[in-house]
Amino acid sequence: MKYVIIIPDGCADEGQPQLDGATPLQSAATPAMDEIARRGIVGRSNHTPVQFEAGSAVANMSLLGYSPYQHYTGRAPLEAAAQGIELGEFDWCIRCNLVTIEDQHLTSFTAGHISSVEAQQLLHGAQPQLAQISAQLEFIPGVSYRNLLLLRSDGQLASPFSIDTRTTPPHDLSDKPIAADFPRGPGSELLCQIMESSMEWFADHPVNVLRRQNGQVPATNVWLWGLGKRPKLESFQSRHNIRGAMITAVDLLRGIAALIGWDRIEVPGATGYTDTDYAAKGRYAIDALQQYDLVCVHIEAPDESSHEGDLAKKITSLEEIDRHIVAPIMNHLDQSGQDYRILITPDHPTFLRTKTHTHGDVPFAICGTGISPDAFENYHEANAAISDICFPLGWEMISQFLVDQPVLTGQMN
């Protein structure tokens, strides 16, 4: 049996006035996704318990079968795992966005999608000033605006942070005032000090000087959020006796893959944005199926489109996923002669209206060996909402997808 999971991140949405109340998923031309629905089943699942932020870390962990109640310790530690960073028992890892703030409004949570090279130069330049605040602190450059801050500790001194430290994801603040959303709780003074000091550190840095000259927005600050300690996750193979691999351009998914024992397949041209090479992801996924039992393809583009409030871009990204990833993989599976199952589902809804993640159900479709078709012929939120197949505890869905028997019908509890 071969398994494929395709995650169009954040594609679930609400009805759009410009589309006469239809969602982007309903309006996009997605014949391959609809074929999965026609051949199989459509349902809904919830990967964002209200006790947690409606973020990709919680949602993707749940989607792959790991209860956030048992396993989630924060977003940043998952991204540290992607870079092979070993966290000690008393270490803390903090997500560090490069952002643009103007007149106390966050005008870009990506600093204009700053390049990885520019981000590295900014953070390396700021490291000496950061060390003056505390020798335990270190910036770790990542991909584009997505970076990390480490606090190393041997446990002899009490940590400034705790599970009660509260931060706000910057993508929740697009074009909004920030005064009420700085870190709060234990250790917040230290985080705020770094965030405010970074404005001075970056102001006249050559990277920002050149960006302004080129008409690009500067990276004015770091924004710190998503902190946590090292997680412990049982390997996917020990749970399911299935060898998996992850295709993604996002460190968060790379980190989850590393922690559950999946190999990570790097695809040239995969950017984590709407300019990603969709076709390359499809090709690499097909090649990976020769070696792995399960291949998971994550695509960030729909989520990024929602964060920008760009309806046209979101529809286009869904059509590109369908044309260059879902369709070729389906064709390959059909021609292979092997038993297979394929699942398509986002991790969480991301509304164009609010430009941010939200709690709630997401639609999924599954087809393949042992799956008896239901009455639905299209994959979208409206059909999922009236389906009898529902996983209110989203992490329970994966076991039903993987078992070598028909997916149960009716209400799932």
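Colleague: Which elements each supply at least two residues of the lining of the largest cavity, and which of them gives the largest share?
Modeller: Please keep in mind that this is a predicted model. Three elements each supply at least two residues of the lining of the largest cavity, namely β3 (92-102), α10 (251-259) and α12. The largest share, 3 residues, comes from α12.

Colleague: How many cavities of 30 Å³ or more are there, and what volume does the largest cavity have?
Modeller: The count comes to 1 cavity of 30 Å³ or more. Among the 19 residues that line the largest cavity, the closest to its centre are R75, Y145, R146, H171 and E300. The lining divides into 6 nonpolar, 6 polar and 7 charged residues. As for its volume, the largest cavity has about 130 Å³.

Colleague: Is N97 buried or exposed, and with which side chain does the side chain of N97 make a polar contact?
Modeller: N97 is found in strand β3, and N97 counts as buried because its relative accessibility is 0%, which is under the 20% cut-off. Leaving aside neighbours within four places in sequence, N97 is in contact with F109, Y145, P170, N221, V222, W223 and W225. The polar contact, at 3.0 Å, joins the side chain of N97 to the side chain of R95.

Colleague: What volume does the largest pocket have, and which element gives the most to its lining?
Modeller: The largest pocket has a volume of about 650 Å³. Of the 27 residues lining this pocket, E53, Y72, T165, R166 and L227 are the closest to its centre, and the elements that give two or more residues to the lining are α3 (56-63), β7 (221-228) and β13 (356-357). By class, the lining has 9 nonpolar, 13 polar and 5 charged residues. The element that gives the most to the lining, with 4 residues, is β7.

Colleague: Where is S153 placed, and which backbone nitrogen lies 3.1 Å from a polar atom of its side chain?
Modeller: The place of S153 is in the loop between β6 (146-151) and α7 (188-203), and S153 is buried because its relative accessible area of 17% is under the 20% cut-off. Apart from neighbours within four places in sequence, S153 is in contact with F90, D91 and Q136. The backbone nitrogen that lies 3.1 Å from a polar atom of the S153 side chain belongs to G155.

Colleague: Which residues of the largest nonpolar core touch the most other members, and which element supplies the largest share of this core?
Modeller: Of the 45 residues in the largest nonpolar core, those that touch the most other members are I6, V326, I329 and I342. Several elements each supply at least two residues of this core, among them β1 (2-8), β10 (294-299), β11 (340-344) and β14 (362-368). Setting aside neighbours within four places in sequence, I6 is in contact with residues including V297, I321, V326, I329 and I342. The largest share of the core, 9 residues, comes from α13.

Colleague: Which residues of α2 are buried, and how far apart in space are E35 and C367, C-alpha to C-alpha?
Modeller: In α2 the buried residues are A32, M33, D34, I36 and A37, and what covers them includes α1 (24-27), β2 (41-45), α13, β11 and β14. E35 also has its place in helix α2, but E35 is partly exposed because its relative accessible area is 23%, a value between the cut-offs of 20% and 50%. Although E35 and C367 are 332 residues apart in sequence, their distance in space, C-alpha to C-alpha, is 8.8 Å.

Colleague: Against which elements do the buried residues of α11 pack, and which residue has a side-chain oxygen that reaches to within 3.3 Å of the backbone nitrogen of A279?
Modeller: The buried residues of α11 include Y278, A280, K281 and G282. They pack against β8, β9 (263-265), β10, α12 and α13. At the start of α11, the side-chain oxygen that reaches to within 3.3 Å of the backbone nitrogen of A279 belongs to D277.

Methods:
Residues numbered from 1 in each chain as written. Predicted model: local features only at pLDDT ≥ 70, side-chain atom pairs only at ≥ 80, totals over all residues. Heavy atoms only, no water. Buried < 20%, exposed > 50% of the residue type's maximum accessible area, 1.4 Å probe, protein only. Polar contact = N/O pair within 3.5 Å; in protein donor to acceptor, adjacent residues only side chain to side chain. Contact = heavy atoms within 4.5 Å. 1 Å grid on protein atoms, 1.4 Å probe; cavity = no way out; pocket = protein on both sides within 12 Å on 5 of 7 lines; lining within 4 Å. Points joined across faces, edges and corners; volume = space filled by probe spheres on them. Nonpolar A, V, L, I, M, F, W, Y, C, P; charged D, E, K, R; others polar. Core = buried A, V, L, I, M, F, W, Y, C linked by side-chain atoms within 4.5 Å.
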